[in-house]
Amino acid sequence: MLRASVWRATLGVDAATVIEAVDYDDLAGAIVASVRPRRATKRRCGACVRRSPGYDQGEGRRRWRTLDLGPTQAFLEADAPRVNCPEHGPTVAQVPGAAHKARHTFGFEALVAWLAVRLSKSSVQELLRIGWATVGVIIDRVVAADRAVRDPFDGLVRIGIDEISYRKNHRYLMVVVDHGTGRLVWAKPGHDRATLSAFFEALGAERCQQIRLVSCDAAAGSPTKLERTAPTSSSAWTRSTSPAGPPTPSTWSAARPGTRPAATA
């Protein structure tokens, strides 16, 4: 029997989780670790983590998919009693190593989100042996958890605005990246001025004042719109096939004053 610390590292759980036993389920063809929370983390609401009085035993023991051990799937199994939270009422208690209402552990969901950035949704589904819709649900939960502790708009000074096409029938997605970190900070279906306005509304008037440089093409925005929403910024324009036409020499590259578009044939 491996030491509990080795199993915790292998299964991706923290020291607040007690590993009672690790077995192989022949029927499921998976490794199952029976776990429980330590006394300090017992009887806490799964939604707000507030210590609450017990309510009932819920639906009994449950399983949460965790990181695979080689080619073999692995699960955590634990009781899932309910507590009577003053704010949320009868709610499933906080469970070891997993988010509220999730069916996968934090470690497994972090892996899904990491792979989703680099692979297609179908590839992630096939590699990890989960449902196609499950990939999207996990991504939404990981993004929401990350934004709860870190504001993606914090510290934006130089941004890039562009649009990408996806699927068929000319469907577009407008994206905004932080030039300082290279991170994607915002995305929304559409490629018109209303879509651009939605970003600046989400950014807020105070943070719009902090923007110093906006790079985009004529399809993603216009000088008038950018001057109105981010008046302290400079605009760096690129060539565009937008019906609005190419940018004028004066707005071609405010980031490099004096430059003009190359002559066209």
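Val124 is located in helix α3, which spans residues 121-128. The structure is a predicted model. With a relative accessibility of 0%, Val124 counts as buried, because buried residues are those under 20%. Leaving aside residues up to four places away in sequence, Val124 touches Val112, Leu115, Ala116, Leu119, Arg129 and Val135. Leu111 is 13 residues from Val124 along the chain, and the C-alpha atoms of the two are separated by 9.7 Å.

Helix α1 comprises residues 4-11, and Trp7, Arg8 and Leu11 are buried within it. Seen down the axis of α1, these buried residues fall within an arc of 100°, so they line one face of the helix. Their packing partners are the strands β1 (17-25), β2 (30-37), β4 (61-69) and β5 (72-79). Gly12 follows α1 and has a positive phi, near 75°.

Two of the strands against which α1 packs, β1 and β2, run antiparallel and are joined by eight bridges. Together β1 and β2 form a hairpin, with four residues between them. Asp25 of β1 (17-25) stands opposite Ala30 in β2. Within the turn, Gly29 has a positive phi of about 65°.

| Residue | Location | Phi |
|---|---|---|
| Gly12 | following α1 | positive, near 75° |
| Gly29 | turn of the β1–β2 hairpin | positive, about 65° |

Definitions and conventions:
Residues are numbered from 1 along each chain as its sequence is written. This is a predicted model: local features need pLDDT of at least 70, side-chain atom pairs count only at pLDDT 80 or more; totals for chains, interfaces and linings use all residues. Side-chain values use heavy atoms; hydrogens and water are left out. Buried means under 20% relative accessible area, exposed over 50%, partly exposed in between (1.4 Å probe, protein chains only). The arc is that of the directions from the helix axis to the C-beta atoms. Contact means heavy atoms within 4.5 Å. Two strands pair if DSSP finds at least two bridges between them.
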